[in-house]
Amino acid sequence: MAYVDGFVVPVPKDRLEDYLAMSRACGAIWRELGALEFRECVADDVKPGQWTSFPQAVDLQDGELVVFSWIVYESRSRRDEINEQVMNDPRMKPYMDPQNMPFDGKRMVYGGFDMRIDI
């Protein structure tokens with residue numbers, strides 16, 4: 001089976017194109033270094049819930065969209081290797097500076113998941 005990193009981030013609507021441009025550049029690096037898939041999805045039908053929801057998870061503010069993303073790897077160990085390479089890649093440096101990020105990284109929700117079903 002595979003391993004997946006998942007992310008949910010709030011992105012200001014007026015920075016969406018900046019975010020997607022950053023994601024395309026970063027995604028190309030992840031794929032070059034061995035990630036199997038790199039996906040970005042912009043919320044189209046995501047409503048606040050009574051107790052939990054994607055908007056509540058990222059403390060969505062007026063003028064923001066929820067973006068749901070994932071990266072697929074062969075395994076957790078391969079993910080760890082790839083992520084270490086990505087984080088040390090000099091092409092990533094501009095994207096790691098919080099001042100350059102087109103979203104609030106403090107409100108990003110993320111984690112690693114062991115894929116159990118792939119139909």
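Biologist: Let's start with Ser23: which residues does Ser23 touch, not counting residues up to four places away in sequence?

Modeller: Ser23 touches Phe38 and Glu40, where contact means heavy atoms within 4.5 Å. Before we go on, this is a predicted model, in which local features need pLDDT of at least 70 and side-chain atom pairs count only at pLDDT 80 or more, while totals for chains, interfaces and linings use all residues. Residues are numbered from 1 along each chain as its sequence is written, and side-chain values use heavy atoms, with hydrogens and water left out.

Biologist: Thanks! Why does Ser23 count as buried?

Modeller: Buried means under 20% relative accessible area, exposed means over 50%, and partly exposed is in between (1.4 Å probe, protein chains only). Ser23 has 5% relative accessibility, so Ser23 counts as buried.

Biologist: Where is the place of Ser23?

Modeller: Ser23 sits in helix H1, residues 16-32. Helices (H or I, at least four residues) and strands (E, at least two) are DSSP runs, numbered from the N terminus. The buried residues of H1 include Leu16, Met22, Ser23 and Trp30. Among the elements that cover the buried residues of H1 are strand E1 (3-12), strand E2 (37-42) and H3.

Biologist: How do you know what span is expected for H1?

Modeller: The expected span of a helix is 1.5 Å times one less than its number of residues. H1 has 17 residues, and its reach from first C-alpha to last is 24 Å, close to the 24 Å expected. After H1 comes Gly34, which has a positive phi near 125 degrees.

Biologist: What makes the phi of Asp59 worth a mention?

Modeller: The phi of Asp59 is near 50 degrees, a positive value in a residue other than glycine. Asp59 belongs to the loop between helix H2 (54-57) and E3. With a relative accessible area of 45%, Asp59 falls in the partly exposed class.

Biologist: On to Asp89: why does Asp89 count as buried?

Modeller: Its relative accessibility is 12%, so Asp89 counts as buried. Asp89 is placed in the loop between helix H3 (76-88) and helix H4 (93-96). Leaving out residues up to four places away in sequence, Asp89 touches Ile29 and Leu33.

Biologist: What makes the meeting of the Asp89 and Arg91 side chains a salt bridge?

Modeller: A salt bridge is a side-chain nitrogen of Lys or Arg within 4 Å of a carboxyl oxygen of Asp or Glu. For Asp89 and Arg91, the N to O distance is 2.7 Å. The pair also makes a polar contact between side chains, at 2.7 Å. A polar contact is a pair of N or O atoms within 3.5 Å; within protein, one must be able to donate a hydrogen and the other to accept it, and residues adjacent in sequence count only if both atoms are side-chain atoms. Arg91 is partly exposed, because its relative accessibility is 37%.

Biologist: How many salt bridges does the structure hold?

Modeller: The structure holds twelve. One of them joins the side chains of Asp18 and Arg15, at 2.8 Å from N to O. Asp18 is partly exposed at a relative accessible area of 39%, and Arg15 is partly exposed at 30%. Another salt bridge links Arg78 and Glu81, whose closest N and O atoms are 3.1 Å apart. Arg78 and Glu81 are three residues apart in helix H3, about one turn of the helix.

Biologist: Which residues make the nonpolar surface patch?

Modeller: Val46, Phe54 and Phe68 make a patch of about 240 Å². Patches are made of residues with over 30% relative accessible area and no salt bridge: like charges are joined within 9 Å, nonpolar side chains (Val, Leu, Ile, Met, Phe, Trp, Tyr) within 5 Å. Accessible areas come from the Shrake-Rupley method with a 1.4 Å probe; for residues, only the protein chains shown count as cover. Phe68, in strand E3, is partly exposed, with a relative accessible area of 36%.

Biologist: Last one: why does Met101 count as partly exposed?

Modeller: Met101 has 23% relative accessibility, so Met101 counts as partly exposed. Met101 lies in the loop between H4 and strand E4 (109-114). Between Met101 and Met22 there are 8.5 Å in space, C-alpha to C-alpha, though the two are 79 residues apart in sequence.
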